[in-house]
Amino acid sequence: MAAEGDGHLEAIRIRGPDGTESVENVDACFVFIGAVPRTDWLAGVVARDDRGFILAGLDAKNDGWPLQRDPFPLETSVPGVLVAGDVRARSIKRVASAVGEGSMAVSLIHQYLAEA
Ligand SMILES: Cc1cc2nc3c(=O)[nH]c(=O)nc-3n(C[C@H](O)[C@H](O)[C@H](O)COP(=O)(O)OP(=O)(O)OC[C@H]3O[C@@H](n4cnc5c(N)ncnc54)[C@H](O)[C@@H]3O)c2cc1C
């Protein structure tokens with residue numbers, strides 16, 4: 001990939017997954033990298049979607065969930081193990097939602113412990 005322009009950004013040169021290059025005329029560029037979940041180490045531990053994001057709540061229910069009750073909203077396929085933030089499947093991928101889910105997790109773990 002390359003950025004091209006004379007004094008300011010005018011185009012970016014992109015190489016696609018198949019190796020072909022294209023040039024797009026743009027005047028701004030937002031770099032959005034770092035969205036890979038990196039959960040390989042959890043394979044076989046908690047249920048994940050096909051991209052590696054961790055399933056929670058009702059999404060986790062049909063993937064080895066062992067209890068009669070439904071999983072709590074942030075609960076993974078393992079009872080009492082919760083997930084918050086970007087790594088959760090279908091999460092919003094924003095700071096505010098990650099922080100909010102973290103605070104939800106505290107409340108939900110108290111609920112889990114009260115019912116255990
Ligand atoms: C380029 C970019 C721009 C963005 N801009 C915005 C924006 O403008 N506004 C906004 O609201 N959101 C933005 N986001 C999204 C925002 O950064 C995320 O939604 C937020 O950081 C998610 O928080 P998190 O705690 O879930 O995950 P992260 O912030 O990714 O934190 C996860 C942490 O876990 C660590 N980790 C990973 N694996 C392990 C392991 N095995 N052991 C120990 N630690 C581990 C990582 O190193 C990382 O520090 C942007 C994201 C990117 C990539």
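Modeller: A salt bridge here is a side-chain nitrogen of Lys or Arg within 4 Å of a carboxyl oxygen of Asp or Glu. Bear in mind that the model is predicted.

Biologist: What is the N to O distance in the salt bridge between aspartate 40 and arginine 48?

Modeller: The cut-off is 4 Å. The side chains of aspartate 40 and arginine 48 form a salt bridge. Their N to O distance is 3.7 Å.

Biologist: Is aspartate 40 buried or exposed?

Modeller: Exposed means over 50% relative accessible area. Aspartate 40 has 66%, so the residue counts as exposed. Its partner, arginine 48, has 25% and is therefore partly exposed. For aspartate 40, the answer is exposed.

Biologist: How many residues apart in sequence are the parts tied together by aspartate 59 and arginine 90?

Modeller: The two side chains meet in a salt bridge, at 2.7 Å from N to O. Aspartate 59 lies in helix H1 and arginine 90 in the loop between H1 and H2, so the pair ties together parts that lie apart in sequence. The separation is 31 residues.

Biologist: What is the relative accessibility of glutamate 75?

Modeller: Glutamate 75 forms a salt bridge with arginine 69, with the closest N and O atoms 2.8 Å apart. Arginine 69 is partly exposed, at 22%. Glutamate 75 counts as buried because its value is 0%.

Biologist: How many salt bridges does a search of the whole structure find?

Modeller: Side chains of opposite charge can pair when their charged atoms come close. One set is a network linking Glu4, Arg13, Arg15 and Glu21. The search of the whole structure gives eight.

Biologist: Which backbone oxygen lies 3.0 Å from a polar atom of the serine 91 side chain?

Modeller: Serine 91 sits in the loop between helix H1 (58-61) and helix H2 (95-115). At 9% relative accessibility, serine 91 is buried. Its side chain reaches the backbone oxygen of glycine 85 at 3.1 Å. The oxygen at 3.0 Å belongs to arginine 88.

Biologist: Which aspartate side chain has an N or O atom 2.7 Å from an oxygen atom of the ligand?

Modeller: The residues surrounding the ligand include Gly85, Asp86, Arg94 and Val95. A backbone N or O atom of arginine 94 is 3.1 Å from a ligand oxygen. For valine 95, a backbone N or O atom is at 2.9 Å. The side chain at 2.7 Å is that of aspartate 86.

Biologist: Is leucine 55 buried or exposed?

Modeller: Leucine 55 lies in the loop between strand E3 (21-25) and H1. Beyond four places in sequence, leucine 55 touches residues including Arg48, Glu75 and Ala89. Its relative accessibility is 12%, so leucine 55 counts as buried.

Biologist: What distance separates the C-alpha atoms of leucine 55 and glycine 5?

Modeller: Along the chain, the two residues are 50 residues apart.

Conventions
Residues numbered from 1 in each chain as written. Predicted model: local features only at pLDDT ≥ 70, side-chain atom pairs only at ≥ 80, totals over all residues. Heavy atoms only, no water. Helix = DSSP H or I, 4+ residues; strand = E, 2+ residues; numbered from the N terminus. Buried < 20%, exposed > 50% of the residue type's maximum accessible area, 1.4 Å probe, protein only. Polar contact = N/O pair within 3.5 Å; in protein donor to acceptor, adjacent residues only side chain to side chain. Near = heavy atom within 4 Å. Contact = heavy atoms within 4.5 Å.
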